[in-house]
Structure formats: C-alpha cells, structure tokens
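Work through the exercises below with the model open. Each task is followed by its solution.

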Amino acid sequence: MSNPPSGPSYARDLAQIERANATGRVPAVFIHGLWLLPTSWDRWAAVFEDAGFAPVLAGWPDDPETVEEANAHPEVFAGKSVGQVADHFCGLIGKLERKPAVVGHSFGGLITQITAGRGLSQASVAIDPAPFRGVLPLPLSSLRAESAVLGNPANYHRAVPLTYDQFRYSFANAVTEEEARELYGTFAVPAPGEPLFQAAAANVNPWTEAKVDTAAADRGPLLIISGEKDNTVPWAIANASYKKQAQNEHAVTEITEIAGRGHSLTIDHGWREVAETALAFVRRFVEPDA
C-alpha cells in the first residue's frame, strides 16, 4: 500500500485546488510529462485563465518547485509509476468542486486519458501522448528517443536526466540549435525511468498500469494533438491511440496534427498555437464560468 500524499509538493497542489474552487470557475488541470515540471505550463495557464478557466498546474508526487532544485536533487523523481501518478492526479481532481477540463503532454497525455476513462473530466486534450496497452506501433525514432532510459535495465528504479544531445533528439529536433539549448537550460529536469519501462511492456503485461478505459460511457470529448516532427511520440503512435479512443460510442474523439512541430511543442516558440488549438476544442464543450 502506498503512503498517503504529503510534503511541500502536495501542499502546493492543494493550495491550487483551493484557489480554483474559490473562483467558482471550471478548472483546467494541466499534467506535464517526463523531464518537465508544472512550471512548463505557466504560459498556458495564463491563456486558459484569460478564457475564464481556473488553471491548476499540479505536479507529479514530490515534484520540486524549480528546475534548479530538481537538477540538484534528482533522487526525488525515482520510483514513480504510471499507476501512482494517475491515482495522485485523480485524487486531486476529486477535490475540485467542479469537473475540470484536463490537458496533458507526453506521459501527462497518457495520465489525461486515464483520468478521462475514469469519468473525471468534462473534456480532455492529450498532446503527443505516451502509448497505452493496445497501442501497437513502435517506430524507430521512438525507440531511439527512449533508449536513454530503456538501454539500461537498472534505470527502472532510477531518476534519469537527459544529456543535451538526447534532449535535442527527443524534444527539440524541430527548433534551432539556439532555441534547443535555451529550452534545455530552462525546462529540462531528471525523470523517473519506471513509466517508460511500463509503457514499453504494456502490450505483453496484462496487469500493466499503462492502460486506459477507452470505452467508458462518461469519458467525455477527447482531442489528441500530434506534432508532425515528433521523434518521441510520432504520428503512428498518436494515430493508433486515436483509433483506439475513437471506438468509444459515447463521446467525440478527434485528432489533429500541428505542422513542423516536435515533442517540445508545448514549451517552444510555437506553444501558443498548440494552446489555442487545445483551448478551442475545450470551449466547444465546456462553459468555463457558467
């Protein structure tokens, strides 16, 4: 049995929940993926707040507050599983007084789909989402991007940082060298290895935590956004996820591709186009301050 959530990170999350509830608005919950922190969503939060939502930038369990702190204490990231993180976010969402819209990137996109499958969101946007059980494609670019972790089985229980070259390939391949280095210095932090091993084994492990209830009657509308040049979660994976989700008979499922964009599409110079695409979808189904 896992320990109940606690610590400074959880206290920050609860404070955001309280602020969102106090507004009376529909919350917009943002879920980051590996190698990033909640602060990677700061600009998105402002866009959604201006549109009438109450943004909640919750972290994974034990997330440090800053990139500097994260890089100084990488050990805090180790040992975080997909199931633990999903339960953490579902628990936080359960404390909201209004059902939120949920937006997630990469493994945050997988967690977003898990929360949707549990009926916890009014509308969901999964951006370059990590694969779940039933998503079969394994493109070579994805295998190369994940080799930084999967190449060493000992990384299962470790926190693993990316070198600049690894970040350049897996995140920042579609931006200039100058911007790639700026993104690396501004956003990159270590990440737990376990979720990548879980996703890699999902289709051979019937008990995997990397699974989504794609048929849930209360899933709500879902948009999958794919970056055209993403090496980590290329179109083949995003589209396979969409095809699984599109079998849901109860809710709208859509996919769109953002031209010329890599895995850094939520944080690089073109972040606003992606944010506005996500916001436009959510606003079709959710009245933020009604």
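**Exercise 1. Which residues of helix 5 are buried?**

Solution. The model is predicted. Take the cut-off first: buried means under 20% relative accessible area. Now walk along helix 5. Phe107, Gly108, Gly109, Leu110, Ile111 and Thr112 are buried. Gln113, Ile114, Thr115, Ala116 and Gly117 are buried too. Next, look past the end of the helix. Gly119 follows, with a positive phi near 75°.

**Exercise 2. Which strands does helix 5 lie across?**

Solution. Helix 5 spans residues 107–117. It lies across strand 1, strand 3 (101–105), strand 4 and strand 7. Take its direction against strand 3: the angle is about 150°.

**Exercise 3. Give the strand order of the open sheet, and find its edges.**

Solution. The sheet has six strands. Their order is 2-1-3-4-7-8, with parallel pairing. Each edge strand pairs on one side only: these are strand 2 (54–56) and strand 8 (253–258). From one strand to the next, the twist averages 15°.

**Exercise 4. How many bridges join strand 4 to strand 3, and how many join strand 4 to strand 7?**

Solution. Start with strand 3. Five bridges join it to strand 4, and the two run parallel. Within this pair, Gly104 stands opposite Ala126 of strand 4. Now turn to strand 7 (residues 222–227). Four bridges join it to strand 4 (residues 123–127), again in parallel. Here Ile127 has Ile225 as its bridge partner.

**Exercise 5. Why is strand 4 described as largely enclosed?**

Solution. Recall the general rule: side chains in a regular strand alternate between the two faces of the sheet. Check one side of strand 4: Ala123, Val125 and Ile127 are buried. Check the other: Ser124 and Ala126 are buried. Both faces are therefore covered,.

**Exercise 6. Describe the lining of the second largest pocket.**

Solution. Begin with volume: about 220 Å³. The lining includes Ser9, Arg12, Asp13, Gln16 and Arg19. Also in the lining are Pro38, Thr39, Asp42, Leu57, Gly59, Pro64 and Glu65. Sort the lining by type: three residues are nonpolar, four polar and five charged. Then ask which element gives the largest share. Helix 1 does, with five residues. Helix 1 (residues 7–23) lies across strand 1 (27–31) and strand 2, at about 170° to strand 2.

Notes: Residues numbered from 1 in each chain as written. Predicted model: local features only at pLDDT ≥ 70, side-chain atom pairs only at ≥ 80, totals over all residues. Heavy atoms only, no water. Pairing = 2+ DSSP bridges. Axes fitted to C-alpha atoms, helices over the stretch in contact; angles between N-to-C directions. Contact = heavy atoms within 4.5 Å. 1 Å grid on protein atoms, 1.4 Å probe; cavity = no way out; pocket = protein on both sides within 12 Å on 5 of 7 lines; lining within 4 Å. Points joined across faces, edges and corners; volume = space filled by probe spheres on them. Nonpolar A, V, L, I, M, F, W, Y, C, P; charged D, E, K, R; others polar. Buried < 20%, exposed > 50% of the residue type's maximum accessible area, 1.4 Å probe, protein only.
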